[in-house]
Amino acid sequence: MSNDGLRPETIAAHALKAIDPATGAVVPPVYLATTYARNENYEPLLPENYQRGGNPTLWQAEAAIAALENGTECLLFPSGMQGIATIVDTVPQGGHVVAPDTMYYGTREWLQHLAEKGRIALTLFNASDRDGVAKSVIAGKTDLVWIETPLNPTWDLVDIAAAAEAAHGAGAILAVDATATAAVTTRPLDLGADIVFHSVTKYLNGHSDVLAGALVTRTVNARWQEAKALRTKVGAPLAPFECWLLMRGLRTLFVRYRQACANALAIARHFSNHPRIERVLYPGLQTHPGHDIAKRQMSDGYGGMMSLLVKGGFDNATRFCTNLKVAVPATSLGGTETLAEHRKRVEGPQSPIADNLVRISVGIENVNDLIADFEQALARLPG
Ligand SMILES: Cc1ncc(COP(=O)(O)O)c(C=O)c1O
C-alpha cells in the first residue's frame, strides 16, 4: 500500500500500513526465523535469507522510521550506541570529527576514546557558542559533524540548518542525534542534515522496554552502503521481536510525545520561580538561551526533557530524586513514566555538568500529580 502524501501522525498510527498481505491481520506477524528456504531454482525469495542481513519484521520497522523522518532508508541496531559506532566507523582513518562538548556523555566518551587511540581527530566545540560548528570545521579535512539538539542535559539548541551549511561548506556530512525530538517536533533531514540518529530506546519505542538505535539517511550513497555492510558483517541488526515491539510503540508516538510536551511546559512554568529551584532548563521557556532557535526548529512542542538545578548543591540533587514518590529515580528517557536522574552522579566528577542538575524525562501522567510530587520532594530537602 502506498504512503505517498500521508502525514507523519498517520504513518505512525499505522506503523506504515503494516497489514499482513497473506492474512489481512491488522497487526503484522513477527518473523522470528533466522534462515529462509530457497525456491526450486535455488533462488532466495527475499533480498536477504539469513537474519544477520535482515528480515521482513526488521524491514517493516525500518521503512516506518525512514518515512517518519522523510528519509530514504533506515538501519536499526540493537542499541543507540551501536548505531553511533557504525556511522563513526565510516570515518576514514585519522578523519576529523566535530561534536559539541556538552551532549549525551556516552557519545562524547566514545569519540574521546577513538581520538585517544588515534583512530579519529576530534574537535569538541563549546556547545553554547552558536558559531561552534563553523569555527571548528576544517575545509577538506573534516569528515563528520555530529550534533545533538536539544543537547542532553542542558537542552541548549543547535541550529541544524546553520550546522549543515557549515559542514557542507567544509566538505563534511552532518549527522544529528534527534533522540529528544523523536521525529515529531523536528525533522533534521528537512533542515539539511545528511543522517539522523535516534536512540530508539527512548521516544520512538516509548515504553522503556526495548533497547535500539536507528540511523536514517537522506541519500543512499557509498558511506551509507558501507554502514549497511558493516552492520551485516559485525552482526548488529535489531532482532525481530524488538522490531515488532518498536512498531507497537511507534503507533502512539504522536499522542505520547505531545502529552509529554504539554506536561513538561506546565512543570517548567510552575517551577521557574520556585524558592528551592535555582533554574529550570527547558527550551519552551522564553528565558532559555535556545528559545529563539527552538521556536524555529521545534514545530510541535518543546519536548518532554528538562533539567532542574536544585538549590543546596550535589547532596540536595540526589535527595530530591530519592524523595520522589510518583516519578522514578532512574536513567533513560522517553517512556510513559516520568524519570528523574542526578546526572553528575552518573557521569562522574570529570563531567562538565552542574553538580546540582537533575534531568527529568517528563512522562504522560496527570501533570498535577507530577507537580505535587516534585513539591513534596523539594519541601523535604534540608535548608
Ligand atoms: C541523546 C542520546 N543519544 C544516544 C544515546 C545512546 O542510546 P542507547 O542507550 O540506546 O545505546 C542515549 C542514551 O541515553 C541518548 O540519550
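Which strands does helix H2 lie across, and at what angle to S1 does H2 run? I looked this up before anything else.

**Model and numbering.** I note that the model is predicted: local features need pLDDT of at least 70, side-chain atom pairs count only at pLDDT 80 or more, and totals for chains, interfaces and linings use all residues. I number residues from 1 along each chain as its sequence is written.

**Helices on the sheet.** I find helix H2 (residues 56-68) across S1 and strand S7 (213-217), running at about 125° to S1. Helices (H or I, at least four residues) and strands (E, at least two) are DSSP runs, numbered from the N terminus. Axes are lines fitted to C-alpha atoms, for helices over the stretch in contact, and angles run from 0 to 180 degrees between N-to-C directions. Contact between two residues requires C-beta atoms, placed from the backbone, within 7 Å. I also looked up helix H6 (residues 160-169), which lies across S4 and strand S5 (173-177) and runs at about 150° to S5.

**Sheet.** I record an open sheet of 7 strands in the order S1-S7-S6-S5-S4-S2-S3, with mixed pairing. Its edge strands, S1 (73-77) and S3 (121-125), each pair on one side only. The twist from one strand to the next averages 20°. Two strands pair if DSSP finds at least two bridges between them.

I then followed strand S2 (residues 96-100). With S4 (residues 142-148), S2 pairs in the parallel sense over 3 bridges, and Val97 stands opposite Leu144 in S4. With S3, S2 pairs in the parallel sense over 5 bridges; there, Pro100 has Phe125 as its bridge partner. S2, H4 and S3 make a right-handed β-α-β unit (with the strands pointing away from the viewer, the path from the first strand over the helix to the second runs clockwise).

**Ligand shell.** I count 15 residues around the ligand, the closest being Ser79, Gly80, Tyr104, Ser199 and Thr201. A residue is near a molecule or strand if its C-beta atom, placed from the backbone, lies within 6 Å of it. Helix H3 (80-89) and helix H4 (105-116) each supply at least two residues of this shell. By class, the shell has 3 nonpolar, 10 polar and 2 charged residues. Ala, Val, Leu, Ile, Met, Phe, Trp, Tyr, Cys and Pro count as nonpolar, Asp, Glu, Lys and Arg as charged, and the others, Gly among them, as polar.

**Domains.** I take domain 1 (8-250) and domain 2 (253-379) from the domain assignment of the chain, whose bounds come from an automatic or database assignment. Their centres, taken over C-alpha atoms, are separated by 26 Å.
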